[in-house]
Amino acid sequence: MIDTHSHIDAEEFNDDREDVILRAKAAGVEKIFLPNINPQSLPQIEQLCSRHPGYLYPMIGLHPEDANPEQTDIEAFMQEMEERLQQAHQFVAIGEVGLDYYWDTTYRDLQLEVFERQVEWAAKFGLPLMIHSRSSHEDIVRIIGRHYDKGLSGVFHCFAGSREEAQQLLQFPDFMLGIGGVLTFKKSDLPEVLSTTVPLSRIVLETDAPYLAPVPKRGKRNEPSFVAYTLARLAQVYDVTPEEVEDITNANVAKIFKKL
Ligand SMILES: [Zn+2]
C-alpha cells in the first residue's frame with residue numbers, strides 16, 4: 001500500500017510528524033511520496049525525506065496556486081529546479097504541477113506557461129508528472145496531448161471527475177488516476193464512474209494529507225495511515241479482495257515511478 005501524494009511536510013504535522021510516520025508504517029503503508037509546492041517547501045521536503053530514506057520520497061515542482069508573481073520569484077525558482085534536475089538527485093517525479101482555475105484565474109497564462117515548461121522537464125529528465133487539475137480539465141488534456149509523444153507518464157492526482165473526463169485522461173496509456181478520500185464520501189459519483197469506466201490497472205492510491213480525509217475520518221486532518229480506508233472502499237467498488245487492490249495498485253506505482 002503506497003500513499004502517492006501526501007503533504008506531511010505541512011505545518012499541520014509540526015507537532016506529531018514522526019508519530020504520523022510510525023502510524024503509517026503500522027497501518028501497512030510501504031512508501032509515501034511528497035509533492036513539492038513552492039520554493040519554501042523544497043528544503044523541508046528534502047530534509048524530511050533524507051531522514052527517512054527508502055520510506056519518504058520527494059518530488060520537485062511548482063504548484064499552480066503558487067504560480068503567483070506577487071508571492072514567488074517564479075523565474076528564479078524555475079531555474080533552481082532545472083539546475084537541480086540536471087544534477088544527481090532523489091526526486092521521483094515532477095510535482096505537484098498543473099492548473100487550477102477554481103479560485104482565481106488572474107495568472108492563468110502564467111500557470112499555463114509554468115505547467116508546460118515542467119511538462120517538458122518530465123520528458124527531458126525522464127520523470128513522471130504528478131498533476132493537479134481543478135476546473136481546468138480541457139487545458140490539461142490539451143497540454144499533455146501536445147507533449148505526449150515525447151514519452152510522458154504520471155498521475156492525474158485527486159481524480160473526481162465524470163466518466164467522459166476519465167475516458168479522456170485514460171487515453172494517455174502511461175498515466176494513472178490518483179484516488180483518495182473522495183471515493184468514500186456518501187454523495188460521491190466516483191464509485192460509479194470508476195467501476196464503469198476505469199480499470200483497476202489504472203489506479204494509484206493517495207491521501208492528499210492533510211486534506212480530504214476519507215470516511216470515517218472525514219473532516220479530520222488526513223494522514224497517510226488513512227489510505228487504508230480508501231483501499232478498503234476500492235475493494236468494495238471493484239468487488240475484489242483488499243489484497244488484490246494492494247497488489248495491483250503497487251504494481252501500477254512501480255510502472256510509473258521507475259526510480260523506486
Ligand atoms: Zn497536493
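# Exercises on a predicted model

The largest nonpolar core holds 71 residues, and L34, M59, A93, I94, L129 and L177 have the most contacts inside it. Its largest share, six residues, comes from helix α8 (residues 227-238). A nonpolar core is a set of buried Ala, Val, Leu, Ile, Met, Phe, Trp, Tyr and Cys residues joined through C-beta atoms within 7 Å. Buried means 20 or more other C-beta atoms within 10 Å of a residue's own, exposed means 12 or fewer, partly exposed lies in between, and C-beta atoms are placed from the backbone. Helices (H or I, at least four residues) and strands (E, at least two) are DSSP runs, numbered from the N terminus.

This is a predicted model: local features need pLDDT of at least 70, side-chain atom pairs count only at pLDDT 80 or more, and totals for chains, interfaces and linings use all residues. Residues are numbered from 1 along each chain as its sequence is written.

**Exercise 1.** Find the buried and exposed residues of helix α2 (residues 41-51).

*Solution.* 
- Start with the buried residues: L42, I45 and C49.
- Look down the axis of α2: the buried residues fall within an arc of 65°, so they line one face of the helix. The arc is that of the directions from the helix axis to the C-beta atoms.
- Turn to the face directed away from the buried side: P43, Q47, S50 and R51 are exposed there.
- Find the partners: the buried residues of α2 pack against β2 (31-34) and β3 (56-58). Contact means C-beta atoms, placed from the backbone, within 7 Å.

**Exercise 2.** In what order do the five strands of the open sheet stand?

*Solution.* 
- Read the order: β4-β5-β6-β7-β8, with parallel pairing. Strands pair if DSSP finds at least two bridges between them.
- Check the edges: β4 (94-100) and β8 (203-205) each have a single partner strand, so one side of each lacks a neighbour in the sheet.
- M130 stands opposite V155 in β6.

**Exercise 3.** Which residues of α3 and α4 make the contact between them?

*Solution.* 
- Locate the axes: those of α3 (residues 74-86) and α4 come within 11 Å and cross at roughly 5°.
- List the residues: I74, M78, E82 and L85 of α3 meet V114, R117, W121 and F125 of α4.

Note on methods
Two residues are in contact if their C-beta atoms, placed from the backbone, lie within 7 Å. Axes are lines fitted to C-alpha atoms, for helices over the stretch in contact, and angles run from 0 to 180 degrees between N-to-C directions.
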